[in-house]
Amino acid sequence: MRLHGLKSGKCLKEFNGHTSFVNDAIFTSDGSRIMSASSDGTVKVWDAKSAECISTFRPPAATAGTETTVNSVHLFPKNSDQIVVCTRSPQVFIMTMQGQVVKSFQSGKREGGDFVSAWVSPHGDWIYCMVWDFNSGKLKKDLQFQAEDAFMMHDDAVLSINFSRDSESLVSGSQDGKIKVWK
């Protein structure tokens, strides 16, 4: 993983340690640490200044003895020592930065309902999740924690959502090539 300067484009630091693809990386709100999620099944917590790995942990696997890809990590707004970890499994976790599970959520499917990604609302009241259905081979717009089903109307699978800083708007992007802003 590399940190590049926005203006110069030059590599400022290199963070070595993952053995497969890095799927997501985020800064803590104070900028002192970086969390990364990888296909090697690990979450790493890095010191942003020294590029040193402070902590490495694996979320619990859906099946004992298997390695589960970690798709995304997000800061949990209600507790600065906690993160939301989305794995390619039917589970999403709230975990400490040391790897302890605080809470887990299930997709409701035992097989064929793995999470693809998760997003957290700005105040931590909602966790939105995307589910891949292996039985149909399609990405579902199955955001189980949303209030209204009509809310995410796109012509194809929703791939990304994000919240405005003021929590008043939500933007969604879809395979249909459209970006929609919701208020």
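Predicted model: local features only at pLDDT ≥ 70, side-chain atom pairs only at ≥ 80, totals over all residues.
How many disulfides does this structure have, if a disulfide is a pair of cysteine sulfur atoms within 2.5 Å? The count by that rule comes to zero. For the cut-offs, buried is under 20% relative accessible area, exposed is over 50%, and partly exposed sits in between, with a 1.4 Å probe and protein chains only.

Residues are numbered from 1 along each chain as its sequence is written, and side-chain values use heavy atoms, leaving out hydrogens and water.

Okay, strands. These are DSSP runs of E, at least two residues, numbered from the N terminus, and two of them pair if DSSP finds at least two bridges between them.

Have a look at the open sheet: four strands, order 3-4-5-6, with antiparallel pairing. Strand 3 (22-27) and strand 6 (53-57) are the edges, each pairing on one side only. Inside that sheet, strand 4 (residues 33-38) and strand 5 (residues 43-47) are joined by five bridges, and Ser36 stands opposite Lys44 of strand 5.

Now jump along to strand 15, residues 170-174, where four of the five residues are buried. Strand 15 pairs with strand 16 (residues 179-182), antiparallel again, over four bridges. There, Gly173 stands opposite Ile179 in strand 16.

Key:
Disulfide = S-S within 2.5 Å.
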